[in-house]
Amino acid sequence: MRDELDRSISILQGERPAPLAAAGYPQDSADAGSTLSEADRTEAILHSARGQRDEVLAALVRIDENSYGRCIDCGSEIPEGRLDARPDAARCVGCQAKHARRR
Ligand SMILES: [Zn+2]
């Protein structure tokens, strides 16, 4: 899972237009606008892929520490069904909902 994310991140980074190329050449505003939104989209995907990779790395650390499969907030066991759907889940459903509301 981590390897896959690393691969997608490097592909996305390769696709991202270099900022200098975009700034150095005069373009009509329509082109500039579409290039920008394309870059924004790639940036957004890249951001979420990086966030997901951080969660996978954190899950790998928890496996090392033998705390994998336990909620990092309340310490209760995360149901297996939830781990099947989200192997990198760090919290039980209840704590995840609370966490999401806090953000
Ligand atoms: Zn919990």
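**The zinc site and its surroundings**

Four cysteines hold the zinc ion: its protein donors are the SG atoms of Cys71, Cys74, Cys92 and Cys95, lying 2.3 Å from the ion. This is a predicted model. The site is tetrahedral, with angles of 103 to 117° among the four donor atoms. Along the chain, the donors follow the spacing C-x2-C-x17-C-x2-C.

Next, the cover over these cysteines. Cysteine 71 counts as buried because its relative accessibility is 4%, under the 20% cut-off. Cysteine 95 is also buried, at 8%. Cysteine 74 reaches 47%, so it counts as partly exposed; that class lies between 20% and 50%.

What about disulfides? The structure holds zero of them. In general, a disulfide is a covalent bond between the sulfur atoms of two cysteines. Here, the SG atoms of Cys71, Cys74, Cys92 and Cys95 are donors of the zinc ion.

Now look at proline 79. Proline 79 sits in the loop between H3 and H4. Its relative accessible area is 46%, so proline 79 is partly exposed. In sequence, proline 79 and cysteine 92 are 13 residues apart. In space, their C-alpha atoms are 7.5 Å apart. Cysteine 92 is one of the zinc donors, through its SG atom.

The loop between H3 and H4 also holds asparagine 66. Helix H4 covers residues 80-85. Asparagine 66 has a phi near 60°, a positive value in a residue other than glycine. Most residues other than glycine have a negative phi. Asparagine 66 counts as exposed because its relative accessibility is 71%, over the 50% cut-off.

Step back to helix H3, which spans residues 29-64. Isoleucine 63 is found in this helix. At 43% relative accessibility, isoleucine 63 counts as partly exposed. Isoleucine 63 also belongs to a nonpolar surface patch.

To recap, the zinc ion has four cysteine SG donors in a tetrahedral site. The loop between H3 and H4 holds asparagine 66, with its positive phi, and proline 79.

Conventions:
Residues numbered from 1 in each chain as written. Predicted model: local features only at pLDDT ≥ 70, side-chain atom pairs only at ≥ 80, totals over all residues. Heavy atoms only, no water. Patch = residues over 30% accessible without salt bridge, like charges linked within 9 Å, V, L, I, M, F, W, Y side chains within 5 Å. Areas by Shrake-Rupley, 256 points an atom, 1.4 Å probe, with all protein chains shown as cover. Salt bridge = Lys/Arg side-chain N within 4 Å of Asp/Glu carboxyl O. Helix = DSSP H or I, 4+ residues; strand = E, 2+ residues; numbered from the N terminus. Buried < 20%, exposed > 50% of the residue type's maximum accessible area, 1.4 Å probe, protein only. Donors = N, O, S within 2.8 Å, 3.2 Å for Na, K, Ca; no water. Tetrahedral: all angles 85-135°; square planar, octahedral: opposite > 155°, others 65-115°. Disulfide = S-S within 2.5 Å.
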